[in-house]
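Work through the exercises below with the sequence and the 3D view side by side, and try each task before reading its solution.

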Amino acid sequence: MQGIILAGGFGKRLAPLTSEVPKPLLPVGGKPILVRQIEWLRGHGITDIILAVGYLRQKVFEAVGDGRRFGVRIFYSVEEEPLGTGGAVKNASLFITEDPVVVVNGDVLTNIPVDKMVEALGDAEGAIALVPLRSPYGIVEFDSGGFITRFREKPLLDGFFINAGVYVLRRRVLQELPDRGNIEETLFPRLAQQRRLRAVVFRDVFWRSVDSLKDLEEVDRFFAGNNGN
């Protein structure tokens, strides 16, 4: 299999940290997000990786190069202007020679087993990894008498799942992607309506999306507390 990491387009969300470094290169536990993603994909036998880059792309070139020192081969799909996640994948599809392909958002850290997604794909055109929704706030529980009984810090919300930003797609479906626009708003709703898109639920995996400075701090503490692993 091959992998596409959507490394471009995330740079301006964590200003001022990302004014000179794109978000995928921010360190967590002493190692850039992007490097952790590369190592995760390599651990699942994916050694050809395409980086869809735009914002501060020269920094990415300098940081990971051709991928040789990480045990992979890296190719670059350059966006002169933001194309959205769908346009970025379509732009990168020129490099795709294998089927299926794994697509990962550039701000996601996870240990999701990609092979399980490929197994679940079956005859569908795509599969999306889903993880339980975690409350962004602490929860306060109280009894019928109005007395507080427990505080729960950001619990998982039973029965609710979110898009984990990890996809497995058939090569043939890439031609249906828009030249510009987000895959989550264009291709996926259409595939879902046609019953061509599978959900693959992962409950006991590590998954974090780095969308804010607080997210970055939490993930950094997690990896630091696990000796950088």
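**Exercise 1.** Leaving aside neighbours within four places in sequence, which residues is isoleucine 162 in contact with?

*Solution.* This is a predicted model, in which local features need pLDDT of at least 70, side-chain atom pairs count only at pLDDT 80 or more, and totals for chains, interfaces and linings use all residues. Residues are numbered from 1 along each chain as its sequence is written, and side-chain values use heavy atoms, with hydrogens and water left out. Begin by finding isoleucine 162 in strand S11, where a strand is a DSSP run of E of at least two residues, numbered from the N terminus. Next, look for contacts, meaning heavy atoms within 4.5 Å: isoleucine 162 touches Ala129, Leu130, Val131, Pro132, Leu133 and Trp207, once neighbours within four places are set aside.

**Exercise 2.** Decide whether isoleucine 162 is buried, partly exposed or exposed.

*Solution.* Buried means under 20% relative accessible area, exposed means over 50%, and partly exposed lies in between (1.4 Å probe, protein chains only). Because its relative accessible area is 26%, isoleucine 162 is partly exposed.

**Exercise 3.** Describe how strand S1 is enclosed, and which strands it pairs with.

*Solution.* First, 5 of the 5 residues of S1 (residues 2-6) are buried, so this strand is largely enclosed by the rest of the structure. Gln2, Ile4 and Leu6 lie on one side, with Gly3 and Ile5 on the other. Then consider pairing, which requires that DSSP finds at least two bridges between two strands: S1 pairs in the parallel sense with S4 over 4 bridges and with S6 over 5 bridges. Finally, glutamine 2 stands opposite aspartate 48 in S4 and opposite valine 101 in S6.
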